[in-house]
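I opened my notebook to get to know a new structure. Here is what I looked up, entry by entry.

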Amino acid sequence: MTATHTRHHADPAPAADPAADSGAGNAEGGGEVASAPRTGRAMGWRLLRKVAVAIAGVALIAAGVAMLVLPGPGVVAILAGLGLLGTEFPAARRVSERINGYIRTAWRKIRRRPEARPDAGPDA
């Protein structure tokens, strides 16, 4: 009776260790048994994060649009809102990358003009 009782207590301990290992492996993509409860919880947190990012990103963009006519860094706020939305939404990331490309090109053109003006000034 004692051996059965000891064996009964010995079984849960090894079963708990693989469960703990599969839980740790679950974070890395392993362990099917422990993944079911965490997947539902993870999906809930992921959805909550996506909604929060969407609300904050749209708020930043709206504030930026308002700051285009009000005092404040409107363009910076719009770009920050797009960047924030780009963390969760691929379409926003593509728009943000395209706009950043246009801005970098414009900035390079602006930086080249002052170098060309001093040369053109003395000749004229």
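**Entry: the salt bridge.** I looked for a salt bridge (a side-chain nitrogen of Lys or Arg within 4 Å of a carboxyl oxygen of Asp or Glu) and found that the side chains of glutamate 88 and arginine 49 form one, at 2.6 Å from N to O. This pair links distant parts of the chain, 39 residues apart: glutamate 88 sits in the loop between α4 and α5, and arginine 49 in helix α3. My search of the whole structure gave one salt bridge. A reminder to myself: side chains of opposite charge can pair when their charged atoms come close.

**Entry: how the model is handled.** This is a predicted model, where local features need pLDDT of at least 70, side-chain atom pairs count only at pLDDT 80 or more, and totals for chains, interfaces and linings use all residues. Residues are numbered from 1 along each chain as its sequence is written, and side-chain values use heavy atoms, with hydrogens and water left out.

**Entry: buried or exposed?** I use buried for under 20% relative accessible area, exposed for over 50%, and partly exposed for in between (1.4 Å probe, protein chains only). Glutamate 88 counts as buried because its relative accessibility is 15%. Arginine 49, at 49%, counts as partly exposed.

**Entry: who touches glutamate 88?** For contact I took heavy atoms within 4.5 Å. Setting aside neighbours within four places in sequence, I found glutamate 88 in contact with Arg49, Lys50 and Val53.

**Entry: the whole chain.** I counted five helices and zero strands, taking both as DSSP runs numbered from the N terminus (helices H or I, at least four residues; strands E, at least two). Of the 124 residues of the protein chain, 14% count as buried.

**Entry: helix α4.** I looked up residues 74-86, which make up helix α4. Its 13 residues reach 18 Å from first C-alpha to last, close to the 18 Å expected at 1.5 Å a residue; the expected span is 1.5 Å times one less than the number of residues. Its buried residues are Gly74, Ala77, Gly81, Leu82, Leu85 and Gly86.

**Entry: leucine 68.** Leucine 68 is in helix α3, and I noted it as exposed because its relative accessible area is 53%.
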